[in-house]
Amino acid sequence: MWPMSCEELTYNQLGENIKARLGGQRVPLSVTVGLTDRCNLWCVHCFVHDPARDQELRARELTTEQWIDLFDRLAEAGCFWMTMTGGEILLRPDFADLYRHAKQRGFLLSLLTNGTLLTPELVALLAEWYPLVVEITLYGLTRETYEAVTGVAGAYDRCLRGVRMFLEARVPLRLKTIAMVPTRHEVRAMYQFAAELGVEFRHDGVLFQTFHGKDIRDLRLPPEELVALDFANPKAAPDLRRLDDRYRDLVEKAPHDFQEYLYTCGGGLRSFYVDPYGGMSLCQMTRPAVYDLVSGTVEEGWEVLGELRQRRVSKDFACLHCHLAGICQRCPAFSFLEHGDPETVVEYACAIARLRAQELGLVDSMAKELVVAGS
Amino acid sequence: MDDRLQRCYEKDPNVLFREVAGEQILVPVRKQAAEMAALYVLNETSAFVWNLLDGKHSLAEIRDCLVAEYEVTPETAESDLFELIERLEGLGVVRVVAHVM
């Protein structure tokens, strides 16, 4: 291949190029590692809720050596993007060693943290071995809201201190919040706060049910309120409006054209999840894990995920006939956590999809009668 | 002979080479390389050169390797090699460590 070239690309351009090159090919490019399910906060909505001091869980988690060995194997298998999440990742006393090793293997790293356990040493590490991004969740803009959500006195000040430390060290930072009943009155002010800091901000309001049995449906915002918030967000609204172009084709297709398989997301196609104990699954929300990476190989685990993706939807699955599936956030994991069955309508997601379609003018613009799940 | 051919280059250890889904990528991992706000994608021949920048091979040797591996004249290989090295030096990802006689 001549002549020689050395082309400059942004991280996004590289992602697009790889996507275009691979087409529908299954390649394990992006891994999310749950370093621990334990957390020092006790958030009302959280789907995990494992106590920080649970020694039994701590003992079951992969050791430093096991994670390092796994990172090596993931890099050799071709993984490039890595997200470290929890629980709270900074609860691991070996976080610095794990992070530095992942950087030395050339992963593009994103970190999800609550920011409350940050130390000057960790900030210095991240300033030197900089990540693609650190994302901190703000559980409120006031101490009262933040600590009502997280259940921990003093956590608000520690979180804001963490935000400031990252900004001063110029570590790439993003903020987000969970838009839900306890935070609803502060979400718009949080956008303003982040803008003043010069930091990107987003909200997520589509709360999944939990793994530990607590029913969080009463924490969800009414669909109308959440969709209004989505479209009021100056950053997110253009993206949502672009759904119009991206999904119009999907919406106008016969639904069975795109609902043949149960899993239509990136899980097992380009991405996967590794839990704190070395278990591999399609994503963080699909449990239990289906393959043990401690005793097995990444390649074999990837094949197991590929077999899962072959599962076809049943002919009587209501969403199979829905024209709004392309703009709906329902997925098998969402259904499973909601109703114990991956092939069920999630009424909350359904209501949001309909409101989005209305807002985008998709429903009015179509000549035919839409078939919508849950109607 | 152009005296640049006697130079041996080594790579900045803070820039890693990764092959991902068929793309050959230079990834800056540490602050010293943070000026590289982007990634750099090498094509096959550039990656071939990158792998030979080990502080031991001179550019003359690398040029000869290129001629042996690809259908290219020594003159073209040499001028393109100089161009690539100049770009990599400009990015701060390689540096001269020795001159062979």
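How many salt bridges are there between domain 1 of chain A and domain 2 of chain A? The count there is one. Keep in mind throughout that this is a predicted model.

Let me say which domains I mean. The domain assignment of chain A gives domain 1 as 26-221 + 263-310, and domain 2 as 238-260 + 314-375. The salt bridge between them pairs A:Glu338 with A:Arg220, and the closest N and O atoms are 2.8 Å apart.

As for area, the size of an interface is often given as the accessible area lost when the parts come together. Between domain 1 and domain 2 of chain A about 1,100 Å² is buried, with 67% of it on carbon and sulfur atoms. Within domain 1 of chain A, the residues that lose the most area to domain 2 of chain A are A:Val206, A:Phe208 and A:Arg220, which together make up 43% of what that side buries.

Salt bridges over all chains come to 25. One of them joins the side chains of A:Glu61 and A:Arg92, at 3.2 Å from N to O. A:Glu61 lies in the loop between helix H2 (55-60) and helix H3 (64-76) of chain A, and A:Arg92 in the loop between strand S5 (81-85) and H4 of chain A, so the pair ties together parts that are 31 residues apart in sequence.

Now to the neighbour, chain B. In the contact, 30 residues of chain A meet 37 residues of chain B. The area buried between the two chains is about 2,900 Å², and carbon and sulfur atoms give 60% of that. There are two salt bridges between chain A and chain B; one of them is between the side chains of A:Arg21 and B:Glu23, at 3.6 Å from N to O. The polar contacts across this interface number 14 residue pairs, both residues at pLDDT 80 or more.

Which parts of chain A supply at least two residues each to the side that touches chain B? They are strand S1 (6-9), helix H1 (11-22), helix H4 (95-104) and helix H5 (120-128). H1(A) gives the most, with six residues. By type, that side of chain A divides into 19 nonpolar residues, five polar and six charged.

S1(A) pairs with strand S4 (residues 39-42) of chain B in the antiparallel sense, over four bridges. There, A:Leu9 has B:Leu39 in S4(B) as its bridge partner.

Conventions. Residues numbered from 1 in each chain as written. Chains lettered and ligands numbered in written order. Predicted model: local features only at pLDDT ≥ 70, side-chain atom pairs only at ≥ 80, totals over all residues. Heavy atoms only, no water. Contact = heavy atoms within 4.5 Å. Buried area = accessible area lost by both parts, 1.4 Å probe. Salt bridge = Lys/Arg side-chain N within 4 Å of Asp/Glu carboxyl O. Polar contact = N/O pair within 3.5 Å; in protein donor to acceptor, adjacent residues only side chain to side chain. Nonpolar A, V, L, I, M, F, W, Y, C, P; charged D, E, K, R; others polar. Pairing = 2+ DSSP bridges. Domains from an automatic or database assignment.
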